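Reader: I would like to learn how to read charged pairs, helices and surface patches from a set of coordinates. Could we go through one case step by step?

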Amino acid sequence: AGQLLAVISMPDVAAQLAQARANVAQAHAHLSRAGDDAALARATLTRYEGFFKTGGITQQQLDQYRSGLTTATSDLAGAKAGVQAAEANVRRLSSLQAYEQVVAPFDGTITARNYNLGALMSANNTTPGKELFDIADTSLLRVFVDRITRLDRDFA
């Protein structure tokens with residue numbers, strides 16, 4: 001049980017995982033920029049609210065700065081969601097990569113190997129009987145008897 005039986009090479013999943021990790025880095029950079037933009041929009045609105053109180057700008061200009069803050073806040077929320085989505089994709093691909101190693105589920109003996117070294121396997125293979133290995137648990141033997149007949153004769 002737990003013994004490594006086979007290692008399956010999945011270069012496409014490895015490439016997708018590398019791309020997903022790059023997407024995470026890109027999403028973090030976008031999040032950082034969106035945070036800076038939101039902080040700048042908030043500071044700008046606060047500054048111009050003071051100018052509005054003294055009559056230095058019009059109501060329309062103040063509304064434009066408020067709209068800028070709303071847009072920057074929405075972009076920040078979108079960037080946070082983008083980071084979460086990218087990290088979820090990395091976790092998904094990492095869990096797929098765990099299937100590269102096939103281990104025995106229980107103690108037993110391999111009775112059949114249905115693929116040879118270097119054989120191409122497809123995830124879309126839907127034909128029956130294409131498992132990698134047949135493993136038999138030989139630690140226990142069960143015998144089922146339909147009827148027991150008693151013999152009362154002696155055989156000499």
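Author: Start with R66, which counts as partly exposed at 36% relative accessibility. Keep in mind that this is a predicted model.

Reader: Which residues form salt bridges with R66?

Author: The general idea is that side chains of opposite charge can pair when their charged atoms come close. Here, E49 forms a salt bridge with R66, with 3.9 Å between the closest N and O atoms. E49 lies in helix α1 and R66 in helix α2, so this pair ties together parts that are 17 residues apart in sequence. D63 also forms a salt bridge with R66, and there the closest N and O atoms are 3.6 Å apart. D63 and R66 both belong to helix α2, 3 residues apart, which is about one turn of the helix.

Reader: How many salt bridges does a search of the whole structure find?

Author: The search finds 2. E49, D63 and R66 are linked in a network of salt bridges.

Reader: Which residues of α2 are buried, and what covers them?

Author: Burial here means under 20% relative accessible area. The buried residues of α2 are L62, L69, A72, L76, A79, V83, A86, V90 and L93. Their cover includes α1, residues 11-53.

Reader: Where does E100 lie, and how far away is the nearest side chain of opposite charge?

Author: E100 sits in the loop between α2, residues 59-97, and β2. The nearest side chain of opposite charge is that of R21, 11 Å away. A salt bridge needs the nitrogen and the carboxyl oxygen within 4 Å. E100 is buried yet has no salt bridge.

Reader: What is E100 in contact with, leaving aside its neighbours within four places in sequence?

Author: With those neighbours set aside, E100 is in contact with A6, V7, I8 and M10.

Reader: Which residues make the nonpolar surface patch?

Author: L4, V7 and V103 make it, and its area is about 270 Å². V103 has its place in strand β2, residues 101-103. At 43% relative accessibility, V103 counts as partly exposed.

Reader: What do the totals for the protein look like?

Author: The secondary structure comes to 2 helices and 4 strands, and from the N terminus on the elements run β-α-α-β-β-β. Buried residues make up 17% of the 156 residues. The accessible surface comes to about 12,200 Å², of which 54% belongs to carbon and sulfur atoms.

Reader: What share of the contacts between residues at least 6 apart in sequence join residues at least 24 apart?

Author: That share is 74%.

Terms used
Residues numbered from 1 in each chain as written. Predicted model: local features only at pLDDT ≥ 70, side-chain atom pairs only at ≥ 80, totals over all residues. Heavy atoms only, no water. Patch = residues over 30% accessible without salt bridge, like charges linked within 9 Å, V, L, I, M, F, W, Y side chains within 5 Å. Areas by Shrake-Rupley, 256 points an atom, 1.4 Å probe, with all protein chains shown as cover. Buried < 20%, exposed > 50% of the residue type's maximum accessible area, 1.4 Å probe, protein only. Lys, Arg positive; Asp, Glu negative; His and termini not counted. Contact = heavy atoms within 4.5 Å.
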